[in-house]
Amino acid sequence: MAVVTPLLKKASLEPHELKNYRPVSNLSFVSKLVERAAVKQLTDYLETNGLLPLLQSAYRSHHSTETALLKVLTDVLTAIDNKKVTLLALLDLSATFDCVDHDILLSRLHSRFGLYGAVLAWIQSFPSDRTQRVCFGGRLSAEIALIFGVPQGSVLGPPVSALHDRVV
């Protein structure tokens with residue numbers, strides 16, 4: 001069970017608009033330690049076996065938004081130099097982690113990445129049977145079950161800014 005604290009994304013944003021808040025899950029220290037060990041092992045497995053897409057920049061060492069941007073810019077300039085029509089489509093995936101379907105995630109971890117047995121069972125336990133309460137203004141909401149997404153503030157979830165890490 002996580003206690004979610006809505007934190008204002010930027011101090012300059014209007015605090016009365018719900019869209020200006022980021023939900024950050026306050027999770028136990030032990031939970032974060034176990035997650036950190038698991039993500040290290042999983043990342044090592046994926047990299048050792050060449051299972052990560054070559055051009056994936058997110059959540060990888062020595063890859064960043066800058067390297068991704070340089071790749072796109074290089075491809076666009078090369079296409080222009082070769083007199084090819086260039087079209088760039090941009091997608092906003094900022095809420096992707098909120099939409100993760102647990103069953104699809106587990107199925108793909110098994111079929112595409114070869115995870116099974118105790119490893120897959122442990123990963124399945126991470127998103128399964130999670131609940132949360134929201135703490136706002138010193139008051140707690142009722143507890144609800146989470147059937148999609150991964151908690152922000154967890155090691156396996158999306159990163160939050162340094163400010164949010166300090167608060168959590």
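This is a short tour of the structure above, one selection at a time.

**The whole chain**

Begin with everything shown as a cartoon, and keep in mind that this is a predicted model. You will find 5 helices and 5 strands in the protein. Follow the chain along its sequence and the pattern reads β-β-α-α-α-α-β-β-β-α.

Of the 168 residues, 22% are buried.

**Into the core**

Next, select Leu106, Leu109, Leu115, Leu120 and Ile123. Together these 5 residues form the largest nonpolar core of the protein. Two helices each supply at least two residues of this core: helix 3 (102–111) and helix 4 (117–125). In soluble globular proteins, nonpolar side chains tend to be buried together.

Stay with Ile123 for a moment. Which residues does Ile123 touch, leaving aside those up to four places away in sequence? The answer is Leu42, Leu106, Leu109 and Leu115.

**A nonpolar patch outside**

Return to the surface and select Phe29, Val30, Leu33, Val34 and Trp122. These residues make a nonpolar patch on the surface, and their accessible area together is about 510 Å². Which helix gives the patch its largest share? Helix 1 (residues 29–48) does, contributing 4 residues.

Zoom in on Phe29, which sits in helix 1. Is Phe29 buried or exposed? Phe29 counts as exposed because its relative accessibility is 63%, and the cut-off for exposed is over 50%.

**Two loop residues with positive phi**

For the last stops, go to the loops. Select Lys83 in the loop between helix 2 (65–81) and helix 3. Although Lys83 is not a glycine, its phi is positive, at about 55°. With a relative accessible area of 77%, Lys83 is exposed.

Then move along to Asp129, which lies in the loop between helix 4 and strand 3 (130–136). What is the phi of Asp129 near? The value is near 55°, again positive in a residue other than glycine. Asp129 counts as exposed too, at 79% relative accessibility.

Technical notes: Residues are numbered from 1 along each chain as its sequence is written. This is a predicted model: local features need pLDDT of at least 70, side-chain atom pairs count only at pLDDT 80 or more; totals for chains, interfaces and linings use all residues. Side-chain values use heavy atoms; hydrogens and water are left out. Patches are made of residues with over 30% relative accessible area and no salt bridge: like charges are joined within 9 Å, nonpolar side chains (Val, Leu, Ile, Met, Phe, Trp, Tyr) within 5 Å. Accessible areas come from the Shrake-Rupley method with a 1.4 Å probe; for residues, only the protein chains shown count as cover. A salt bridge is a side-chain nitrogen of Lys or Arg within 4 Å of a carboxyl oxygen of Asp or Glu. Buried means under 20% relative accessible area, exposed over 50%, partly exposed in between (1.4 Å probe, protein chains only). A nonpolar core is a set of buried Ala, Val, Leu, Ile, Met, Phe, Trp, Tyr and Cys residues joined through side-chain atoms within 4.5 Å. Contact means heavy atoms within 4.5 Å.
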